[in-house]
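Biologist: I have the chain open on my screen and would like to go through it piece by piece. Can we start with the helices?
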Amino acid sequence: MKKYIGLSIIALSMGLASCNDYLDKLPDDRAEVNTTEKVNQLLVSAYPDHSPSFLFWMSSDDVDDNGKAYTAQLNQEQMYRWQNVEGRGNDDPRTLWNNYYEKCATANEALAAIDAMGNPASMASQRAEALLCRAFCMFMCANTFCMAYDPQKADEYMGIPYPKTAGTSVNERGTLRETYENIAADIEAALPYVNEDHLLVPKYHWNQKAANAFAARFYLYYHDYDKTIQYATACLGSNPVEFLHKLGDWSSLGATDFFHAFKNSAVSANFIFMPANSTCGRATSGYTLLKRFGLNRIITLNEMFWIRTPWWGSGSSANVFWPSHKLYGSNQNIRFPVHNEEFEYTDKVNGTGYAHTLEVPFQGEETLLCRAEAYALKGDFANAIADMNTWAQGFTAESYIYTSGGKRYIKRRTDITQENLDNFFKDMYYSAVTPDDGITSAELQADPTLAAKQRWIKKTLHPQGFTVAEGTQENCINLILWMRRVSMPYQGIRFQDLKRYGIEYTHFLDGEDPIVFKAGDLRGAIQLPDDVIKAGLPENPREEASTATTGEE
């Protein structure tokens with residue numbers, strides 16, 4: 001059976017068409033894939049060009065309701081409310097599902113072509129690239145439409161169809177365990193053969209560092225911490241600081257120049273680029289029509305960029321934490337300019353074209369924090385803290401000069417130690433699930449116990465399928481999760497952490513009761529598109545609204 005370049009009909013989103021239906025109707029202009037060069041060209045089309053960043057960001061605790069005085073898109077509000085998203089836009093679940101399976105089908109076409117040519121050793125790197133493309137699409141699809149991996153429930157939780165043969169549909173979801181086993185098998189089969197020799201632009205393909213970074217994150221989610229450490233170390237080498245963004249180098253740049261410096265392909269911290277059709281960059285930039293829901297001053301001050309730490313300072317001035325000085329926007333939409341929109345004009349006169357974001361799904365600091373988290377979960381606090389201090393070398397300055405009350409001061413960076421880490425968290429309250437942001441300083445001074453109703457960096461953890469001990473281990477995890485939250489804002493990592501650790505949080509709604517995301521909340525598995533459900537795949541279950549959508553701490 002000859003293999004051809006072109007879009008395989010994705011059976012699960014197009015009415016479960018059979019293999020024969022597809023093969024019987026091949027257009028005459030499809031080119032037979034029978035050379036290494038043609039396989040290389042086909043693999044260019046095996047990478048996702050849509051991203052769940054907008055969906056995950058709106059679903060996370062990084063956003064708040066700024067009130068009905070501001071506007072939002074329908075899909076944006078549905079994401080924020082954890083409702084079924086019904087649209088067919090670039091950021092909507094239906095488009096994501098179709099894109100993942102389209103690209104998976106392309107990877108399978110490449111694998112079939114390689115097999116048809118006798119699977120020569122000279123094409124081992126192309127086979128590895130195709131396997132990684134398939135594994136990544138299925139990993140991201142599972143992150144979107146499935147629960148977080150829990151080995152105790154992995155046979156109960158539904159997975160996703162995992163096509164492995166070109167032109168053949170898989171019409172069963174299977175279990176989450178089966179999905180993860182398939183991803184692991186593809187990763188392990190690919191990694192020994194990843195080679196960049198056939199890549200014209202390595203940072204837009206699965207180069208060796210990107211492949212190892214992907215493996216490190218996957219195995220962290222899979223609860224295999226030894227492999228997480230193994231692959232993160234293979235990626236980062238003996239000097240991890242070399243692969244961090246050096247924010248201090250760009251401290252004098254404005255927002256646009258800072259963004260382009262951060263996302264530059266020459267920066268060693270950026271392992272792989274995947275441009276996406278998305279309006280997420282428009283939302284993060286405070287676009288007026290998307291301003292109702294976003295990262296506002298309340299979250300910035302109390303949970304993210306301006307929080308108080310004993311190592312680096314607090315606020316926007318007495319702080320060696322570089323992002324605290326690189327924030328733009330308004331009280332309703334504060335942005336750290338690392339995820340802007342890149343607009344592609346098709347008609348500059350009429351101002352029409354396509355909105356894109358430049359996704360960097362794997363970057364140095366996130367891989368480093370995967371390793372730090374794995375060390376912490378293994379109880380190796382010395383190595384976990386060492387990685388956290390390495391992270392600080394990229395994201396903080398050794399010292400920062402600031403002025404207050406007409407006087408000049410110097411704030412200096414302090415290293416994290418187990419002692420000062422434990423002391424920092426020891427007397428801190430756990431963040432309220434449903435915080436009261438209206439508590440005034442005077443009320444707090446009169447009744448210090450009201451602090452328990454406020455927002456803090458310290459979260460109550462309900463790990464899904466694993467345990468975290470009180471004390472140093474919990475403290476390490478809370479700080480690592482915060483580091484990841486501010487390292488890769490807007491890119492969806494935070495929502496996965498909330499799911500994995502069962503962190504409960506609230507989305508406030510102007511004029512309505514707040515809605516609460518609970519530990520193990522079934523809405524963490526985004527609902528499948530309607531047409532996929534109608535085609536026969538079982539939908540994700542949901543709890544009763546009375547227990548799942550409202551509640552108090």
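**Helices, sheet and loops**

Modeller: Helix H2 (residues 36-44) packs against helix H5 (residues 93-116) at an angle of about 165 degrees, and their axes are 9 Å apart. Keep in mind that this is a predicted model.

Biologist: Roughly parallel or roughly antiparallel, then, for H2 and H5?

Modeller: Roughly antiparallel, because angles over 145 degrees count that way. The crossing of H2 past H5 is left-handed.

Biologist: Which residues in H2 meet H5?

Modeller: From H2 there are Val39, Leu42 and Leu43. On the H5 side they meet Thr106, Glu109, Ala110, Ala113 and Ile114. By class, the contact of H2 with H5 has 6 nonpolar residues, 1 polar and 1 charged.

Biologist: What about H5 and helix H6, how do their axes cross?

Modeller: H5 and H6 (residues 124-145) cross at roughly 160 degrees, and their axes come within 9 Å. That makes H5 and H6 roughly antiparallel to each other. Their crossing is left-handed.

Biologist: And which residues of H5 and H6 meet?

Modeller: H5 brings, among others, Pro93, Trp97, Tyr100, Tyr101, Lys103 and Cys104. The residues of H6 in this contact include Gln126, Arg127, Cys133, Arg134, Cys137 and Phe145. The contact of H5 with H6 divides into 17 nonpolar, 3 polar and 4 charged residues. Ala110 and Ile114 are among the H5 residues that meet H6, and both are also listed in the contact with H2.

Biologist: Staying there for a second, what is in the loop between H5 and H6?

Modeller: Asparagine 119 lies in that loop. Its phi is near 50 degrees, a positive value in a residue other than glycine. Most residues other than glycine have a negative phi.

Biologist: Is asparagine 119 buried or partly exposed?

Modeller: Partly exposed, with a relative accessible area of 38%.

Biologist: Where else is there a positive phi in a residue other than glycine?

Modeller: Histidine 223 has one, with phi near 70 degrees. Histidine 223 sits in the loop between helix H8 (208-221) and helix H9 (225-236).

Biologist: Switching to strands. In what order do the strands of the open sheet come?

Modeller: The order is E2-E7-E6, 3 strands with antiparallel pairing. E2 and strand E6 (341-347) are at the edges with a single partner strand each, so one side of each has no neighbour in the sheet. From one strand to the next, the twist averages 30 degrees.

Biologist: How many bridges join E2 to E7?

Modeller: There are 6 bridges between E2 and strand E7 (residues 352-363), which run antiparallel. Methionine 274 is opposite glutamate 359 in E7.

Biologist: What comes between E2 and helix H11, and which residue is found there?

Modeller: A loop, with serine 278 in it; E2 covers 270-277 and H11 covers 280-284. Serine 278 counts as buried because its relative accessibility is 1%. Apart from neighbours within four places in sequence, serine 278 is in contact with Asn90, Asp91, Ala355, His356 and Thr357.

Biologist: And in H11 itself, what about alanine 283, buried or exposed?

Modeller: Alanine 283, which is found in H11, is buried at a relative accessible area of 1%. Not counting residues up to four places away in sequence, alanine 283 touches Phe54, Trp57, Leu290 and Asn333.

Biologist: How are alanine 283 and alanine 318 separated?

Modeller: They are 35 residues apart along the chain, and their C-alpha atoms are separated by 29 Å.

Biologist: Next, tryptophan 312. Where is its place?

Modeller: Tryptophan 312 is in the loop between helix H12 (297-302) and strand E4 (328-329). With 1% relative accessibility, tryptophan 312 counts as buried. Its C-alpha atom is separated by 21 Å from that of proline 240, 72 residues apart along the chain.

Biologist: One more. What do E8 and E9 form?

Modeller: A hairpin, with 2 residues between the strands. Strand E8 (residues 399-404) and strand E9 (residues 407-412) run antiparallel and are joined by 6 bridges. Serine 399 is opposite arginine 412 in E9.

Biologist: And which glycine is in the turn?

Modeller: Glycine 405, with a positive phi of about 60 degrees.

Definitions and conventions: Residues are numbered from 1 along each chain as its sequence is written. This is a predicted model: local features need pLDDT of at least 70, side-chain atom pairs count only at pLDDT 80 or more; totals for chains, interfaces and linings use all residues. Side-chain values use heavy atoms; hydrogens and water are left out. Axes are lines fitted to C-alpha atoms, for helices over the stretch in contact, and angles run from 0 to 180 degrees between N-to-C directions. Helices (H or I, at least four residues) and strands (E, at least two) are DSSP runs, numbered from the N terminus. Angles under 35 degrees count as roughly parallel, over 145 as roughly antiparallel, 65 to 115 as roughly perpendicular and the rest as oblique. A crossing is left-handed if the near helix is turned anticlockwise from the far one by less than a right angle, and right-handed if clockwise. Contact means heavy atoms within 4.5 Å. Ala, Val, Leu, Ile, Met, Phe, Trp, Tyr, Cys and Pro count as nonpolar, Asp, Glu, Lys and Arg as charged, and the others, Gly among them, as polar. Two strands pair if DSSP finds at least two bridges between them. Buried means under 20% relative accessible area, exposed over 50%, partly exposed in between (1.4 Å probe, protein chains only).
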